[in-house]
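Thanks, everyone. Let's get the model on the screen and walk through it.

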Amino acid sequence: MSKRDYYEVLSVSKQATDAELKKSYRKVAMENHPDRNPDNPAAEARFKEAAEAYEVLTDPQKRARYDRYGHAGMGQGGGPGGFGGGGMTMDDIFQNFGDIFGQGSAFEGFFGQQGGGGRRQARGERGSNLRTRVKLTLEEVSTGVNKKIKIKKQVGCDVCDGTGAKDASSVKTCGTCGGSGMVRQVRNTFLGQMATTATCPTCAGSGQQIEANCPKCKGDGIVYGEETIDLDVPAGVAEGMQLSMTGKGNAGRRGGPAGDLLINIEEIPHDALQRNGQDLVYELRINISDAALGTKVEVPTLDGNVRFDIHPGTQSGEIKRLKGKGLPSVQAHGRGDQFVHVNVFTPKRVSERERELLEELRESPNFQPDGNSKEKGFFDKVKDFFQ
C-alpha cells in the first residue's frame, strides 16, 4: 500500500511553519496514542505515521528532498527509516521527540511513567550518523543497482555484547530508578499536581549501573571496526541526492541505538553521453558528404547501439529525438529521451584532388546557402530542446 502524503498525514499545508507542524503533530499523536487506543493496530499505525511525517517535515534538508522527490527521495523505506529500515519504533518516537512526549513534559506524565505502557524503557547513548559516497555509472543509474560497501565505524563490542560490563555479575539494577531509566516527579502547576518524568541522573537513562568495565571497550560497549552493507540504489537517482539507512551508522554506547548511514550519490561521467535531468544528449559528428547525401549511423544508448537514418540535406545543429532512451524518474514516472545533436564535420586539411572537387562544388547552385532561409537557427533549436 502506498504511503500517504506527509502534509496530508498532519493535515497541514505545504507552507506550514515548524510551530504549525508541532501543534498538528501533537494533536494527531494524542488522538492515536497507544495508551488511549489499546489493542488498536490502526491507531498505532497512524501514531507512527504521524511521527514519521513530523521528523521529515521539521528537518529542512529532509523536507526539501521530500518536496522535490516525494517518498522516493527518502529511500526505499519511504520515510526516515530509509532503506529497509522498517519505519519507526515506539522507542524511536519517544526518544526523538522528547520535547513533545517526555523528559519532564506534562504529556508524558499524563500517559504514565514509561510514556506508553512500558514502551519507553530508556537505553544507552545513541550512536552518531555516518556519511559516505557511492559512485554510479549512467548504466547503473538507468537500471538501479545493489552495492556492497565497506564502512569503517564504531561497532558493538564482541566481548561484552555492547553492554560495557566485564561480565554479567558486574551489571546491577540502578538503585535510583529501579531499572526504568526514568525518575518520576510530582509538580504543582496552575492546573493542580502534574506527574512528570525525567532521565535518571544516576544511570543516565540506562537503568543499570556497571561495577566493572569490559577490558576491551573500557565500559563504552563499542569498538572501532568495519561492516559490509548491502545498499539497494533505486533507478533514476541523481548527482547530489542523499539516501539513508537507519541503524547503519556508529553503534551506540552501552547498548544505545545506532546512528544512521547517509549516502551521497555521485555520477561517473559517461564516455559518450551527457545527462540533462532524465534526458541524455549525444554529439554526433558526420562529414559533409553524409549530410548532403544521407546515410545510416549507429548511435550509442544505455540500452546498446541504435541505428537510424540521416536524411539527405541534414543541417549542422539539427537535433533528433530517440524517445524513451533516457533515464527513469526516481519516482517511477516514465523515462526521459535521448537527443542526438548533429554536427557536420569540416576537415582542416584536404588533398589536391579533394580541393579540386570542393572548388567544383563551390560553384554549384545547390551548394549556395540560402540567405532567406526560414529554417530555425541554433538558439531556436536549443530552446525547443529544453522545452
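Start with a side-chain pair. H341 and E283 are joined through their side chains by a polar contact of 3.0 Å. By polar contact I mean a pair of N or O atoms within 3.5 Å; within protein, one must be able to donate a hydrogen and the other to accept it, and residues adjacent in sequence count only if both atoms are side-chain atoms. H341 sits in strand β15, residues 338-345. Is H341 buried or exposed? Buried, with a relative accessible area of 12%. The cut-offs: buried is under 20% relative accessible area, exposed is over 50%, and partly exposed is in between, using a 1.4 Å probe and protein chains only.

A word on the source. This is a predicted model, where local features need pLDDT of at least 70, side-chain atom pairs count only at pLDDT 80 or more, and totals for chains, interfaces and linings use all residues. Residues are numbered from 1 along each chain as its sequence is written, and side-chain values use heavy atoms, with hydrogens and water left out.

Next, L231. It belongs to strand β7, residues 222-233. L231 is buried, at 0% relative accessibility. Which residue is 84 places from L231 along the chain, yet has its C-alpha 5.0 Å away? That is K147.

Now the surface. I288, V350, L358, L361 and F367 make a nonpolar patch, with about 380 Å² of accessible area together. Nonpolar side chains, meaning Val, Leu, Ile, Met, Phe, Trp and Tyr, are joined within 5 Å; like charges, within 9 Å. Areas come from the Shrake-Rupley method with a 1.4 Å probe; for residues, only the protein chains shown count as cover. V350 lies in the loop between β15 and α10 (352-362). V350 is partly exposed, at 31%.

Of the 387 residues, 42% are buried.

Last, confidence. pLDDT is the predictor's confidence in each residue, from 0 to 100. Its mean here is 80, and 80% of residues reach 70 or more. Where does it stay under 50? Residues 76-86 are one such stretch, and residues 102-122 are another. Where pLDDT is low, the predicted coordinates should not be read in detail.

How values were computed: Helix = DSSP H or I, 4+ residues; strand = E, 2+ residues; numbered from the N terminus. Contact = heavy atoms within 4.5 Å. Patch = residues over 30% accessible without salt bridge, like charges linked within 9 Å, V, L, I, M, F, W, Y side chains within 5 Å. Salt bridge = Lys/Arg side-chain N within 4 Å of Asp/Glu carboxyl O.
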